[in-house]
Amino acid sequence: MVERSKVRVVIAKPGLDGHDRGAKVVARALKEAGYEVIYTGIRQTPEQIVETVIQEDAAVLGISILSGAHMVLIPKIIKLLEEKGIKPNEDIVIFAGGIIPPDDAEELKKMGVAEVFGPGTSLKTTIEFVDKAVENLKRFKNA
């Protein structure tokens with residue numbers, strides 16, 4: 001298992017969505033579990049999020065979105081990451097949380113989002129997901 005303290009996680013709130021309680025709860029849980037967590041704050045642009053991922057050398061990106069703009073903002077974030085040479089599920093684990101319909105969740109997974117968590121997902125489930133997902137990243141394969 002990858003040592004949690006060596007894994008940087010960015011929790012981001014893209015777009016105009018100002019409801020950040022869930023994002024803060026997830027960020028706090030991951031931090032208490034031993035991960036290094038960077039919370040971007042609300043109303044971040046995809047460009048700002050990608051810049052934070054690069055600056056922090058994040059292995060995990062958690063995107064919290066409740067505004068309904070997930071099918072615009074998340075694909076844009078993925079595209080910007082790929083333009084910077086960061087490949088989902090190889091270089092970075094991307095997960096999303098919020099109000100995302102199942103059909104949209106499946107589409108996002110096809111684009112590179114590793115998992116989509118809906119309301120009521122336990123923090124234990126999220127932490128266990130991150131634990132398993134980082135094991136498959138290139139940077140931790142031979143660690």
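Let's start with strand β1 (residues 8-12), which is mostly covered: four of its five residues are buried, where buried means under 20% relative accessible area, exposed over 50% and partly exposed in between, with a 1.4 Å probe and protein chains only. Helices (H or I, at least four residues) and strands (E, at least two) are DSSP runs numbered from the N terminus. Keep in mind that this is a predicted model, in which local features need pLDDT of at least 70 and side-chain atom pairs count only at pLDDT 80 or more, while totals for chains, interfaces and linings use all residues. Residues are numbered from 1 along each chain as its sequence is written, and side-chain values use heavy atoms, with hydrogens and water left out.

β1 runs parallel to β2, and four bridges join the two; strands pair if DSSP finds at least two bridges between them. Within this pairing, Val9 sits opposite Val37 of β2.

Now for the loops. Gly18 is in the one between β1 and α1, and it counts as partly exposed because its relative accessibility is 29%. Leaving aside neighbours within four places in sequence, Gly18 touches Ile42 and Arg43, contact being heavy atoms within 4.5 Å. Arg43 itself belongs to the loop between β2 (36-39) and α2 (46-56). Arg43 is partly exposed too, with a relative accessible area of 48%, and has a positive phi of about 60° although it is not a glycine. Further along, in the loop between α2 and β3 (60-65), comes Asp57, another non-glycine with a positive phi, near 50°.

Helix α5 (residues 123-135) is next. Its 13 residues should span 18 Å at 1.5 Å a residue, and its end C-alpha atoms are 19 Å apart, which agrees; the expected span is 1.5 Å times one less than the number of residues. The buried residues of α5, including Ile127, Phe129 and Val130, pack against α1 (21-32), β3, β4 (93-98), β5 (115-117) and α6 (138-141).

Finally, the largest pocket holds about 400 Å³ of space. Of its 24 lining residues, Gly22, Val26, Gly97, Gly98 and Gly118 are the closest to its centre. Elements giving two or more residues to the lining are α1, β3, β4 and α5. A pocket here is an open set of points on a 1 Å grid over the protein atoms alone, where a 1.4 Å probe fits, with protein on both sides within 12 Å along at least five of seven lines; lining residues have an atom within 4 Å of a point. The volume is the space filled by probe spheres set on the points, which are joined across faces, edges and corners.
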